[in-house]
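Me: I'd like to learn how to read a structure like this one, feature by feature. Could you take me through it?

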Amino acid sequence: MAKVLVVTSGKGGVGKTTTTAALGAALAQGGQSVCVVDFDVGLRNLDLIMGAERRVVYDLINVVNGDAKLPQALIKDKRVDTLHLLPASQTRDKDALTDAGVARVMEELREKFDWVICDSPAGIERGAQLAMHHADIAVVVTNPEVSSVRDSDRIIGLLDSKTAKAEKGEEMEKHLILTRYDPSRADRGDMLKTEDVLDILSIPLLAIIPESQEVLRASNLGCPVTLNNPLCAPARAYADAARRLKGEEVPMSLPVERKSFLDKLFMRRAA
Amino acid sequence: MSILGIFQKRNSGTVARDRLQLILAHERAESGRPDLVLQLREEILAVIANHVAVEPDKVKVTLERGEAVSTLGLDIELPLGAAAKLDAKLAAKLAEVAANKGGRSGSSKKAA
């Protein structure tokens with residue numbers, strides 16, 4: 001029986017899709033069976049970040065409508081065999097998703113996998129609410145930036161009121177992933193501090209993902225950052241987050257980019 | 001391309017551009033008929049159903065969008081008896097066609 005996780009944020013462009021792909025790949029590499037589900041109907045992008053865009057045949061709406069069975073719509077990752085993708089529809093809109101249809105598909109996914117990770121669309125409308133509705137655990141992705149923190153606060157409010165768990169009077173488990181964290185700006189005091197964000201949102205920290213060119217490089221190549229370069233700083237931060245989700249105790253640290261000997265040599269020459 | 005270029009890895013920005021150009025070309029082309037694959041599957045299955053009972057769940061459809069061509073793959077599981085029946089029917093049909101035209105005939109099918 002799977003744990004269903006929603007990756008959500010309210011604000012767009014903060015790293016939900018990157019986080020979904022990175023956590024999904026990290027959990028799958030650890031031997032767990034994982035399905036990442038794109039809920040961004042009409043603006044799908046998880047397929048691109050996963051590098052599966054050329055192989056999409058059916059999507060979530062086809063499964064909800066019964067045009068295809070779930071196993072027919074799942075796209076198996078070519079790099080990690082326990083990782084699967086259920087893409088969103090690019091051509092239809094979210095109104096094609098019925099509450100009952102989504103509930104049925106989520107139930108089926110729950111039986112098949114250890115982890116189901118739902119990539120929420122931005123915003124607080126129906127699409128975002130459908131993505132979070134069946135979740136057991138929420139990962140709130142936030143940038144250390146005022147508008148992102150405010151939007152995350154709105155989303156936390158929805159997680160506590162509009163989800164199946166909330167409706168049953170249960171507490172939704174919530175975690176914060178702080179992305180695009182820039183240690184040098186933080187040192188200068190030009191960025192919201194981690195403690196401040198945690199204090200304002202009052203949910204526990206799952207990981208701090210440092211700002212890194214490796215994230216863009218991985219998305220260019222269509223490979224989750226945790227697979228593309230497992231040793232880079234953001235990949236290590238995501239891998240730690242995945243282990244924490246599995247219940248392991250992993251001390252929190254801010255991974256920094258390790259410079260190779262050659263890098264250091266050339267940096268010095270260039271300077 | 002320079003000799004060095006052969007050994008250099010393509011940088012990720014170029015890969016990103018190529019991937020986008022390919023997928024956008026396909027999306028623009030597909031935009032008029034988003035259900036093409038679904039329709040193709042239904043019609044192909046209907047033809048096969050004339051000869052043999054196929055369970056829709058046992059059909060695997062794959063698609064690989066390429067630069068010049070896309071490949072549509074249908075992997076259809078045929079029950080043991082049905083496959084034999086299909087072979088016999090197909091053979092009869094092919095013999096008929098060959099007899100009529102006296103020419104070449106070819107067939108290909110895939111049974112998983």
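**Reading charges, fold and backbone**

Reply: Gladly! R54(A) is partly exposed, with a relative accessible area of 33%. Keep in mind that this is a predicted model.

Me: Which residue forms a salt bridge with R54(A), and how far apart are the closest N and O atoms?

Reply: The test is a side-chain nitrogen of Lys or Arg within 4 Å of a carboxyl oxygen of Asp or Glu. Here the partner is E64(B), with the closest N and O atoms 3.7 Å apart. R54(A) sits in the loop between α2 and α3 of chain A, while E64(B) belongs to strand β1 (residues 59–65) of chain B, so this pair joins two chains. Salt bridges with shared partners also link R54(A), K78(A) and E64(B) into one network. As for its cover, E64(B) is partly exposed, at a relative accessible area of 28%.

Me: What does R19(B) pair with?

Reply: R19(B) makes a salt bridge with E53(A), and the closest N and O atoms are 3.1 Å apart. Since R19(B) lies in helix α2 (residues 12–30) of chain B and E53(A) in the loop between α2 (46–50) and α3 (60–65) of chain A, this pair joins two chains.

Me: Are R19(B) and E53(A) buried or exposed?

Reply: The cut-off to remember is that buried means under 20% relative accessible area. R19(B) has 14%, so it counts as buried. E53(A) has 3% and is therefore buried.

Me: Which side chain meets D47(A) in a salt bridge?

Reply: That is R44(A), at 3.1 Å from N to O. Both D47(A) and R44(A) are buried.

Me: How many salt bridges are there over all chains?

Reply: The structure holds 20 of them.

Me: Now for the overall fold. How does the radius of gyration of chain A compare with that of a compact globule?

Reply: For 271 residues a compact globule would come out near 18 Å, and chain A has 18 Å, so the two agree. Along the principal axes, the C-alpha atoms of chain A fill a box of roughly 60 × 40 × 35 Å. Chain A contains 14 helices and eight strands.

Me: What about the surface and charges of chain A?

Reply: Chain A exposes about 11,900 Å², and carbon and sulfur atoms supply 49% of that area. For the charges, compare mean positions: those of the 36 positive and 39 negative charges in chain A are 5 Å apart.

Me: Where does S202(A) lie?

Reply: S202(A) is in the loop between α10 (194–201) and β8 (205–210) of chain A. Its phi is near 40 degrees, again positive in a residue other than glycine. With a relative accessible area of 59%, S202(A) is exposed.

Note on methods
Residues are numbered from 1 along each chain as its sequence is written. Chains are lettered from A and ligands numbered from 1 in the order in which they are written. This is a predicted model: local features need pLDDT of at least 70, side-chain atom pairs count only at pLDDT 80 or more; totals for chains, interfaces and linings use all residues. Side-chain values use heavy atoms; hydrogens and water are left out. Buried means under 20% relative accessible area, exposed over 50%, partly exposed in between (1.4 Å probe, protein chains only). Helices (H or I, at least four residues) and strands (E, at least two) are DSSP runs, numbered from the N terminus. The radius of gyration is taken over C-alpha atoms; the globule rule is 2.2 Å times the number of residues to the power 0.38. Accessible areas come from the Shrake-Rupley method with a 1.4 Å probe; for residues, only the protein chains shown count as cover. Lys and Arg count as positive and Asp and Glu as negative; His and the chain ends are not counted. The place of a charge is taken as NZ of Lys, CZ of Arg, CG of Asp or CD of Glu.
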